[in-house]
Amino acid sequence: MLPFLQQQIIYMNGIKLPLFADFDHPEKYGLAPNKTINLKITTSDNETIGAWFVMSDKYYHALPSVPSEPLKHMRAALERHPTILFLHGNAATRATKTCINHYNGFTSRLGVNVLAIDYRGFANSTGTPSETGLVLDGRAAFDWLVENGAKPKDILIVGHSLGTGVTSQLVAQIETEKISCRGVVLLAPFSSITHLIDTYHLFGLLPILKPISGFASRDLKHNFDTLGTVPYISSPVLIAHAESDRVIPHNHSDVLFEAFLEPALPTVDIPNDASSLTPEHLADKQEERSRMRKEIVETSVVPNLGTISEARVGRPLTLVKTRVGGHDHVGEQDGLQDVIGRKFGLFD
């Protein structure tokens, strides 16, 4: 529970894969020639974060030839097509293979641009990671998109793993400023680091962090309390988790889905005189909540993908449980990307 060790374990930013990455040449990592622009974005506290802007295939393929100066096309791509702001997980950089797979899927299958950033202390970004700092990094990236031609309503914010903790705080922040994005996608999220410590099992079997769970609530400096941000997020939300995830148990997504659903369900009123609170009263309220939940949540099975639970609560709220994908690859699946495309109007 020492702060230094917390930082190393939670962020793992010392792992910089691929080794000696050449961020100036994204083509080395499988991206099309001159489709990706290497950027530096300055945060509000004067850190410099590395980023890649990847053009939508719809825009890129409409060009008469491979652009020799892709920077000149950036604003036009942002103005003409929606953009995903992608916030990766720990122990990753924007050149990590699984991140590349996400960009390729998003830009081709969904036809969107992608802005992928490396948080402070990651890859070639300056600074030291912290919970507050990573949210500042996400905000700098969002503001950069708007300043360079993207409408907030055309920005879909997608977080994976650790990035879901950043995403939820970023969206809650911009919504308090009356700014609305296109929506939120949480891939393999956790409800909070504290809860993750309680539920983490090495290889899905050994609860190696359970002995320190008592210290966590007292000494944890980086909690990323996604559950606590739920009341402040009104944008459309899609949560996706693989049942085969051995890093973050998929019941974290159930907890978050139920929290987003909570305002639409009847509450259990506690009378001033607690003696009048009978078991029958509680049972009736629970039955009413169960009946209401069945009315507003519809769950369907998609063969060879998993289950999709959709809630009618005034804004799109979706939970996708995939059969496969593990922790790192859940967002790469074509089937899930199709669901994202339909739910956020990216195929219109």
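Strands are DSSP runs of E of at least two residues and helices are runs of H or I of at least four, both numbered from the N terminus; two strands are paired if DSSP finds at least two bridges between them. The model is predicted, so local features need pLDDT of at least 70 and side-chain atom pairs count only at pLDDT 80 or more, while totals for chains, interfaces and linings use all residues. Residues are numbered from 1 along each chain as its sequence is written, and side-chain values use heavy atoms, with hydrogens and water left out.

An open sheet of 10 strands has the order β1-β2-β4-β3-β5-β6-β7-β10-β9-β8, with mixed pairing. Because β1 (36-42) and β8 (297-302) each have a single partner strand, one side of each edge strand lacks a neighbour in the sheet. From one strand to the next, the twist averages 20°. Strands β2 (residues 48-54) and β4 (residues 113-117) run antiparallel and are joined by four bridges; Phe53 stands opposite Leu115 in β4.

Helix α4 (residues 97-109) lies across β2, β3 (83-87), β4, β5 (155-160) and β6 (183-187), at about 165° to β3. Angles run from 0 to 180 degrees between N-to-C directions, with axes fitted to C-alpha atoms, for helices over the stretch in contact (heavy atoms within 4.5 Å). Helix α12 (residues 334-343) runs at about 175° to β7 (237-242).

A nonpolar core is a set of buried Ala, Val, Leu, Ile, Met, Phe, Trp, Tyr and Cys residues joined through side-chain atoms within 4.5 Å, buried meaning under 20% relative accessible area with a 1.4 Å probe and protein chains only. The largest such core has 59 residues, and Phe53, Leu85, Leu115, Trp144 and Ile157 have the most contacts inside it. A second, separate core of 34 residues includes Val54, Val158, Ala240 and Val330.

Methods: Buried means under 20% relative accessible area, exposed over 50%, partly exposed in between (1.4 Å probe, protein chains only).
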